[in-house]
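Here is a short report on one protein model.

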Amino acid sequence: MKVIEFVLNVLWLILCGIWMAIGYAVAGIICCILIVTIPFGIASFRIAGYVLWPFGRTTVEKPDAGAPSCVGNVIWIVFAGWWLAIGHIATAIALAITIIGIPFAWANLKMIPISLMPLGREVVTTDQKFGAR
């Protein structure tokens with residue numbers, strides 16, 4: 001199973017992962033430059049790592065995330081989230097045109113919720129979420 005995840009991640013990286021990760025990194029850099037939005041920058045860098053190498057990992061809600069995460073997510077959607085979601089949609093459309101790209105297009109569409117609401121979520125391995133096999 002780990003070999004399949006590796007192959008999928010390498011194909012993902014070549015087809016769209018690097019470009020989407022660059023988008024998240026740019027958003028993170030801008031957020032860190034603005035100082036007040038450093039928590040958004042940290043979340044953006046965390047998601048960039050996830051988008052760069054997604055297979056074998058997933059996101060889960062943090063149990064201690066509260067109202068500040070909700071308010072932060074609203075701010076994030078307005079200033080950066082919808083741009084990144086549009087990037088995922090555009091990439092998914094381009095990938096869906098090819099037969100080999102259909103699974104990657106689906107994976108791209110599944111990343112839209114975290115691109116819109118990154119605060120209050122963390123990236124974990126699928127083994128951590130579903131228990132070791």
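How do the residues lining the second largest pocket divide into nonpolar, polar and charged?

## Basis

This is a predicted model, where local features need pLDDT of at least 70, side-chain atom pairs count only at pLDDT 80 or more, and totals for chains, interfaces and linings use all residues. Residues are numbered from 1 along each chain as its sequence is written, and side-chain values use heavy atoms, without hydrogens and water.

## Second largest pocket

The lining divides into twelve nonpolar, two polar and no charged residues. Ala, Val, Leu, Ile, Met, Phe, Trp, Tyr, Cys and Pro count as nonpolar, Asp, Glu, Lys and Arg as charged, and the others, Gly among them, as polar. This pocket holds about 220 Å³ of space. Its lining has 14 residues, and Ile30, Cys31, Trp76, Phe79 and Ala80 are the closest to its centre. Helix α3 gives the most, with six residues.

A pocket is an open set of points on a 1 Å grid over the protein atoms alone, where a 1.4 Å probe fits, with protein on both sides within 12 Å along at least five of seven lines; lining residues have an atom within 4 Å of a point. A volume is the space filled by probe spheres set on the points, which are joined across faces, edges and corners.

## Helix pair

Helices α2 (residues 38-52) and α3 (residues 67-96) pack at about 30°, with axes 12 Å apart. They are therefore roughly parallel (angles under 35 degrees). Helices are DSSP runs of H or I, at least four residues, numbered from the N terminus. Axes are lines fitted to C-alpha atoms over the stretch in contact, and angles run from 0 to 180 degrees between N-to-C directions.

Phe40, Ser44 and Val51 in α2 meet Gly72, Ile75, Trp76 and His88 in α3 (heavy atoms within 4.5 Å). These contact residues divide into four nonpolar, three polar and no charged.

Notes. Helices (H or I, at least four residues) and strands (E, at least two) are DSSP runs, numbered from the N terminus. Angles under 35 degrees count as roughly parallel, over 145 as roughly antiparallel, 65 to 115 as roughly perpendicular and the rest as oblique.
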